Amino acid sequence: MGVPHLILGNARYSSWSLRAFAVLRRAGIEFTTEFLPLRTDEFRSRMAEVSPFALVPTLLVGDEVIGDTMAISEWAAEQVPSLWPRDEFRRAQARMMAAQMHASFMNIRRELPMDLYRQNEPRVTLKDEVVAEVSKLSAAWGQALHKSGGPFLFGEWSIADAFYLPIASRFSSYAISLPAELQDYCDALLATPEFAEWKAIADEEDWIIEDYLVEP
Ligand SMILES: N[C@@H](CCC(=O)N[C@@H](CS)C(=O)NCC(=O)O)C(=O)O
């Protein structure tokens with residue numbers, strides 16, 4: 001089968017790439033990496049070779065292609081079941097939290113794009129739709145953390161936390177203020193070793209995508 005090979009976008013900007021990388025690192029699964037600059041011919045031609053969806057992250061396992069973060073995460077969890085909580089209800093809720101991130105929060109995603117080089121620089125105005133999504137997210141995180149006691153959503157780290165890691169990074173980049181318990185959660189996510197490793201990769205990159213650099 002060979003060592004799984006993970007194709008990723010710019011570490012600075014690609015939030016989905018970060019999630020899959022964090023899951024595989026936590027799983028302790030050995031894998032090789034290939035970083036491609038988003039929105040370039042190099043990206044388009046390489047991705048056209050490997051996946052009909054042409055999105056990163058894409059995991060190649062021998063001849064098999066897994067071209068979606070949730071699918072990569074579930075594949076990892078089949079080998080390492082502790083990536084999801086042990087309790088059946090906590091596990092279902094962790095899947096719910098990850099699925100919500102996978103399918104929604106479009107306003108946060110559009111207005112506060114991940115940019116690991118941006119630190120503590122608020123946008124001048126936050127649209128109402130963004131504020132509403134931050135509130136919804138805060139309520140969901142608060143409910144899970146209250147029940148588990150933290151430090152992660154379901155106590156021990158799970159795939160749900162990988163899915164919210166880029167949100168913690170965005171909140172830090174755009175100085176979104178949060179209640180103390182939620183700030184502690186974001187701090188815990190940003191203090192994980194897989195994020196430190198990812199940030200170090202981003203720090204070495206010199207690819208810039210102007211569209212990702214939103215105005216203050
Ligand atoms: N549903 C996909 C979304 C992946 C995605 O949108 N990736 C972006 C980068 S973060 C991408 O590959 N963009 C390439 C493009 O738009 O051409 C997943 O969960 O992996």
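Colleague: Which residues form one aromatic cluster?

Modeller: Phe21, Phe31, Phe35 and Trp198 form it. Rings of Phe, Tyr and Trp (its six-membered ring) pair if their centres lie within 6.5 Å; planes under 30 degrees apart count as stacked, over 60 as edge-to-face and the rest as tilted. The count by this rule is seven aromatic pairs.

Colleague: What kind of pair do Phe21 and Phe31 make?

Modeller: Their ring centres are 5.8 Å apart and the planes sit at 85 degrees, so the pair is edge-to-face. Phe21 is in helix H1 (residues 15–27), while Phe31 is in the loop between H1 and strand S2 (32–35), so the contact ties together parts 10 residues apart in sequence. Helices (H or I, at least four residues) and strands (E, at least two) are DSSP runs, numbered from the N terminus.

Colleague: Is Phe21 buried or exposed? And Phe31, buried or exposed?

Modeller: Phe21 is buried, at 1% relative accessible area. Phe31 counts as buried too, at 9%. The cut-offs: buried is under 20% relative accessible area, exposed is over 50%, partly exposed is in between (1.4 Å probe, protein chains only).

Colleague: How are the rings of Trp141 and Tyr185 arranged?

Modeller: The planes of Trp141 and Tyr185 are at 80 degrees and the centres 5.0 Å apart, so this pair is edge-to-face. It links distant parts of the chain: Trp141 is in helix H6 and Tyr185 in helix H8 (residues 180–190), 44 residues apart. Both Trp141 and Tyr185 are buried.

Colleague: Which residue lies over the face of Trp16?

Modeller: Arg19, at 3.9 Å from the ring centre. The test is NZ of Lys or CZ of Arg within 6 Å of the ring centre and within 35 degrees of the ring normal.

Colleague: Before I go on, what are the ground rules for the numbers?

Modeller: It is a predicted model, so I ask for pLDDT of at least 70 for local features and 80 or more for side-chain atom pairs, while totals for chains, interfaces and linings use all residues. Residues are numbered from 1 along each chain as its sequence is written, and side-chain values use heavy atoms, with hydrogens and water left out.

Colleague: Fine. Overall picture: how many helices and strands?

Modeller: Nine helices and four strands. From the N terminus the order is β-α-β-α-β-β-α-α-α-α-α-α-α.

Colleague: What radius of gyration does the protein have?

Modeller: The protein has 17 Å, which agrees with the value near 17 Å for a compact globule of 216 residues. That is over C-alpha atoms, and the globule rule is 2.2 Å times the number of residues to the power 0.38. Along the principal axes, the C-alpha atoms fill a box of roughly 45 × 45 × 25 Å. Of the 216 residues, 52% count as buried.

Colleague: How many cavities of 30 Å³ or more?

Modeller: One. On a 1 Å grid over the protein atoms alone, a cavity is a set of points where a 1.4 Å probe fits but cannot get out, and lining residues have an atom within 4 Å of a point. Grid points are joined across faces, edges and corners, and the volume is the space filled by probe spheres set on the points.

Colleague: What lines the largest cavity?

Modeller: Arg90, Gln93, Ala144, Lys147, Ser148, Leu153 and Phe154. Helix H4 (88–103) and helix H6 (128–148) are the elements giving two or more residues to that lining. H6 gives the most, with three.

Colleague: Switching to backbone. Which peptide bonds are cis?

Modeller: Val56 to Pro57 is cis, with omega about 5 degrees. Gly150 to Pro151 is cis as well, with omega near 0 degrees. Pro57 is in the loop between H2 and S3, and Pro151 is in the loop between H6 and helix H7 (159–173).

Colleague: Which residues have a positive phi although not a glycine?

Modeller: Arg39, at about 65 degrees, and Ala175, at about 50 degrees. Arg39 is in the loop between S2 and H2 and is partly exposed, at 45% relative accessible area. Ala175 is in the loop between H7 and H8, partly exposed at 31%.

Methods
1 Å grid on protein atoms, 1.4 Å probe; cavity = no way out; pocket = protein on both sides within 12 Å on 5 of 7 lines; lining within 4 Å.
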